[in-house]
Amino acid sequence: MNECIFCRIVAGQIPATRVYEDAHVLAFMDIGQVNPGHVLVAVKAHAENLYALDDEQAAAAARGCVRVARAIRAAFAPQGLSVYQANGKPAGQTVFHYHVHLLPRHDGDGMELTWPVKNPPREKLEQYAAKIRAALG
Ligand code: AMP
Ligand code: ZN
């Protein structure tokens, strides 16, 4: 059995609220306590970090991020968007499977994530994901 939590999400062995999927990329809502409501864009293949991506995966990751970011903008019209990924434990990485975090931002948020509400509960995340999926067409 694969121990990587994101590989298991990609394989459908762990449920996730999916917002976007193509041949190379899967995007889903982060349900962790630290980052609830981040949208995570993961390369489907198990690449530990950005150094391990081949050119096709790198291009697909960027394309997936841009598509999902545009859909977040269309659905929520945030004033800003943070896009980041961490490499290595000292940089805060906790899951060692390449993924990018997307977070909508509004003036006055500081570093907090608000979407329409701060720290959205699970049901809200489902609603936000549905709006993003709708914006992706
Ligand atoms: P990082 O490695 O710092 O980029 O963060 C990994 C993220 O994956 C964290 O924000 C976790 O909350 C998130 N995460 C871990 N397990 C799951 C899961 N089963 N479903 C959704 N998000 C998850
Ligand atoms: Zn993996």
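Reader: Buried means under 20% relative accessible area, exposed over 50%, and partly exposed in between (1.4 Å probe, protein chains only). Is Ala134 buried or exposed?

Author: This is a predicted model, where local features need pLDDT of at least 70, side-chain atom pairs count only at pLDDT 80 or more, and totals for chains, interfaces and linings use all residues. Side-chain values use heavy atoms, with hydrogens and water left out, residues are numbered from 1 along each chain as its sequence is written, and chains are lettered from A and ligands numbered from 1 in the order in which they are written. Ala134 is found in helix H3 (residues 122-136); helices (H or I, at least four residues) and strands (E, at least two) are DSSP runs, numbered from the N terminus. With a relative accessible area of 61%, Ala134 is exposed.

Reader: Which residues are the protein donors of the zinc ion (ligand 2)?

Author: Donors are N, O and S atoms within 2.8 Å of the metal (3.2 Å for Na, K and Ca); water is not among the atoms, so sites may look incomplete. Lying 2.0 to 2.3 Å from the zinc ion, the protein donors are Cys4 (SG), Cys7 (SG), His46 (ND1) and His97 (ND1).

Reader: And what arrangement do the four donor atoms make?

Author: Four donors count as tetrahedral if all angles lie between 85 and 135 degrees; four count as square planar and six as octahedral if opposite donors are over 155 degrees apart and all others between 65 and 115; anything else is irregular. Around the zinc ion (ligand 2) the angles are 105 to 120 degrees, so the arrangement is tetrahedral.

Reader: How many residues apart in sequence are the parts that Cys4 and His97 tie together?

Author: The zinc donors are spaced C-x2-C-x38-H-x50-H. Cys4 lies in the segment before helix H1 (5-10) and His97 in the loop between strand S4 (80-84) and strand S5 (99-105), so the pair ties together parts whose separation in sequence is 93 residues.

Reader: Which strands stand at the edges of the sheet?

Author: Two strands pair if DSSP finds at least two bridges between them. The open sheet of five strands has antiparallel pairing and the order S1-S2-S3-S5-S4. Each edge strand has a single partner, so one side is left without a neighbour in the sheet; these strands are S1 (18-21) and S4.

Reader: Which strands does H3 touch?

Author: Contact means heavy atoms within 4.5 Å. Helix H2 (residues 55-76) lies across S1, strand S2 (25-29), strand S3 (39-43), S4 and S5. H3 also packs on the sheet, and the strands it touches are S1, S2 and S3.

Key. Axes are lines fitted to C-alpha atoms, for helices over the stretch in contact, and angles run from 0 to 180 degrees between N-to-C directions.
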